[in-house]
Amino acid sequence: MVTITDLNKMKTRGEKFTALTAYDYSFAKIIESAGIEIILIGDSLGNVCQGHQTTIPVSIGDMVYHTASVSRGVKETFVIADMPFLSYGTTQNALKNSSKLMQNGAKMVKLEGGHWLSETVYQMSERGIPVCGHLGLTPQSVHKLGGYAIQGADSKAADKIFSDAMTLEQAGAQLLVVECIPSSLSKLITKKLQIPVIGIGAGPCTDAQILVLYDILGISGQIPRFARNFLLDNNSIISALKNYASAVRNSTFPTSEHFVE
Ligand code: KIV
């Protein structure tokens with residue numbers, strides 16, 4: 001079974017690992033058999049399963065349902081569940097809602113945000129709830145950000161993301177996702193943090209990569225710039241997923257068309 005200890009050792013050895021989203025039992029089984037280390041039950045299910053424009057309508061009940069479905073499909077894979085919009089606005093709510101995800105199979109929960117979350121992350125971590133942070137483009141804040149654009153492009157914004165990353169680690173976060181930030185910034189964060197850093201649209205220098213399953217299978221409509229349709233060059237889903245994992249491990253994905261410097 002993949003544990004956070006294994007992921008830490010991989011970071012120390014400089015071995016890249018792979019993560020992919022899943023939302024149901026059958027895909028979870030295929031992802032596990034492709035040897036992918038992490039499944040994230042992403043609140044992107046709001047977009048790709050429920051057909052919403054944003055992740056904001058996703059509820060804790062939705063996340064519990066999909067976390068339980070995915071968890072029944074895996075034995076080895078490390079399962080992380082997203083906490084949906086405003087389910088962690090206060091520490092009390094975060095403890096109550098994360099415990100529902102943990103009791104339905106999650107081994108860790110992911111929250112979007114920086115400094116303002118440090119007390120919550122500390123309290124969760126102290127109580128045995130492992131936390132993954134999420135910085136950069138945080139889709140639950142899409143209306144505040146004004147769209148799905150690259151974050152941290154100027155030095156003030158980059159400094160803020162860097163300092164948020166340090167704060168989350170100090171508060172007890174054990175993994176960090178960085179989404180749509182310049183490669184130079186994700187490289188710095190990955191070097192300075194002890195915990196593994198997982199990138200999406202953040203360049204090749206993070207410890208791991210994550211993508212949305214439906215993007216790499218080419219079934220989510222328009223594929224984002226940072227993703228690749230791995231099914232195009234493979235004749236089955238399982239070989240597409242294995243190909244994605246090996247492309248991450250041998251650093252042939254992502255390439256320069258998938259990120260900004
Ligand atoms: O919801 C999601 O799928 C995510 C990632 C792609 C990082 O948060």
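Colleague: How do the residues lining the largest pocket divide by class?
Modeller: The lining has 18 nonpolar, eleven polar and seven charged residues. Ala, Val, Leu, Ile, Met, Phe, Trp, Tyr, Cys and Pro count as nonpolar, Asp, Glu, Lys and Arg as charged, and the others, Gly among them, as polar. This is a predicted model: local features need pLDDT of at least 70, side-chain atom pairs pLDDT 80 or more, while totals for chains, interfaces and linings use all residues. Residues are numbered from 1 along each chain as its sequence is written, and side-chain values use heavy atoms, without hydrogens and water.

Colleague: Why is it called a pocket, and not a cavity?
Modeller: Because its set of points is open, with protein on both sides within 12 Å along at least five of seven lines; in a cavity, a 1.4 Å probe fits but cannot get out (1 Å grid, protein atoms alone). The volume of the largest pocket is about 790 Å³, counted as the space filled by probe spheres set on grid points joined across faces, edges and corners.

Colleague: What makes a residue part of the lining?
Modeller: An atom within 4 Å of a point. For the largest pocket, 36 residues qualify, and E179, V212, D215, P224 and F226 lie nearest its centre. α3 (45-48), β4 (108-112), β6 (175-179) and β8 (208-211) each give two or more residues. These elements are DSSP runs, numbered from the N terminus: helices (H or I, at least four residues) and strands (E, at least two).

Colleague: Where does the ligand sit, and what makes that "sitting"?
Modeller: In the largest pocket.

Colleague: Which residues are around the ligand?
Modeller: T21, L40, G42, D43, S44, D82, K110, H134, V177, I200 and V212. Each has a heavy atom within 4 Å of the ligand. Four are nonpolar, four polar and three charged.

Colleague: How much of the ligand does the protein cover?
Modeller: 95% of the 260 Å² of accessible area that the ligand has on its own (Shrake-Rupley method, 1.4 Å probe).

Colleague: Which element gives the most to the lining of the second largest pocket?
Modeller: α8, with five residues. That pocket holds about 520 Å³ of space.

Terms used: A molecule sits in a cavity or pocket if more than half of its atoms lie within 2 Å of its grid points.
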